[in-house]
Amino acid sequence: MKIRTATVKDAEKLLAIYTPYIKETAITFEYEVPKLEEFRKRIEQTLVRYPYLVAETGEGTVVGYAYAGPYKTRTAYDWTAEVTVYVDQSVRAMGIGTLLYQALEELLTKQNIVNAAACITAGNDQSVRFHEKRDYQLVARFPHLGFKFDKWYDILWLQKTLAKPQEKQAAFIPFSELNDSLK
């Protein structure tokens, strides 16, 4: 399994992985599958500040992806990132999500991110267990926050401390700058 930085050329494959989650689950609260061009823009915009990673087999088949984004957009939140992972449903529970998160968390730490936060739909026990195994802890539950498929869902926030908070916190490093320095 190879973990690498995503490019806009991956958009079609990543959207194919994401589509069943939109159409068949409340794991994501998107109602409509984004257009391919919109999905490309999301990847491109994410990569400016945060990692966007793909997992591919030795044969080059993309089987999952993970990315980070802002928890909130105000500067004081720069040291906390929201993390997300999606794995092709045909290969779930095979360690792909773990590999993606390991790589993602390593990069976030290099960016001086202190906290990783995951927003999970209540009832998605597989995701909760996955995050708990990676040392994420439940920090909040918001009742009836999302509505999809004619049903209200609670939202859970799980958080992991990636680095010890400091009084003089090192500056956040945008991924595009970090990525350039890793080449």
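Trainee: Which residues does Asp-10 touch, not counting residues up to four places away in sequence?

Mentor: Asp-10 touches Arg-4, Thr-5, Val-54 and Val-62, where contact means heavy atoms within 4.5 Å. A word on the model before we go on: it is predicted, with local features needing pLDDT of at least 70 and side-chain atom pairs counting only at pLDDT 80 or more, while totals for chains, interfaces and linings use all residues. Residues are numbered from 1 along each chain as its sequence is written, and side-chain values use heavy atoms, leaving out hydrogens and water.

Trainee: Where is the place of Asp-10, and why is Asp-10 called buried?

Mentor: Asp-10 sits in the loop between E1 and H1. Buried means under 20% relative accessible area, exposed means over 50%, and partly exposed is in between (1.4 Å probe, protein chains only). Asp-10 has 5%, so it is buried.

Trainee: What makes the contact between Arg-4 and Asp-10 a salt bridge?

Mentor: The rule asks for a side-chain nitrogen of Lys or Arg within 4 Å of a carboxyl oxygen of Asp or Glu. For Arg-4 and Asp-10 the N to O distance is 2.7 Å, so the pair passes. The structure holds nine salt bridges.

Trainee: How do you know that Arg-42 and Glu-30 meet in a salt bridge?

Mentor: Set their 2.8 Å, N to O, against that same cut-off, and they qualify too. This pair links distant parts of the chain: Arg-42 is in helix H2 (residues 36–49) and Glu-30 in the loop between H1 and H2, twelve residues apart. Arg-42 has 27% relative accessibility, so it counts as partly exposed.

Trainee: What is the distance between the closest N and O atoms of Glu-38 and Arg-42?

Mentor: They are 3.2 Å apart, and this is a salt bridge as well. Both residues lie in helix H2, four residues apart, about one turn of the helix. At 36%, Glu-38 is partly exposed. Elsewhere, salt bridges with shared partners join Arg-4, Asp-10 and Glu-56 into one network.

Trainee: How many strands form the open sheet, and in what order?

Mentor: Seven strands, in the order E1-E2-E3-E4-E5-E7-E6, with mixed pairing. E1 (2–5) and E6 (137–148) each have a single partner strand, so they stand at the edges, with one side of each left without a neighbour in the sheet. Direction ignored, neighbouring strands are turned by 25° against each other on average. The strands and helices here are DSSP runs (strands E, at least two residues; helices H or I, at least four), numbered from the N terminus.

Trainee: What makes E2 and E3 strands that pair, and how many bridges join them?

Mentor: Pairing takes at least two DSSP bridges between two strands. E2 (residues 52–56) and E3 (residues 62–70) are joined by five and run antiparallel, so they meet the rule. In one of these bridges, Glu-56 has Val-62 of E3 as its partner. Helix H3 (residues 96–110) packs on the sheet, touching E1, E2, E3, E4 (80–87), E5 (115–121) and E7 (151–161).

Trainee: How many aromatic pairs are there?

Mentor: The count comes to 15. Rings of Phe, Tyr and Trp (its six-membered ring) pair if their centres lie within 6.5 Å; planes under 30 degrees apart are stacked, over 60 edge-to-face, and the rest tilted.

Trainee: Why is the pair of Tyr-52 and Tyr-67 stacked?

Mentor: Their planes stand at 15° with centres 4.8 Å apart, so the pair is stacked. Tyr-52 lies in E2 and Tyr-67 in E3, so the pair ties together parts 15 residues apart in sequence. Tyr-52 is buried at 3%, whereas Tyr-67 is partly exposed at 24%.

Trainee: Which residues do ring pairs link into a cluster?

Mentor: Tyr-18, Tyr-21, Phe-39, Tyr-52, Tyr-65, Tyr-67 and Tyr-86.

Trainee: Why does Asp-135 count as exposed?

Mentor: Its relative accessibility is 54%, so Asp-135 is over the limit for exposed. Asp-135 is in the loop between helix H4 (125–133) and E6, and has a positive phi of about 75° although it is not a glycine.

Terms used:
Axes are lines fitted to C-alpha atoms, for helices over the stretch in contact, and angles run from 0 to 180 degrees between N-to-C directions.
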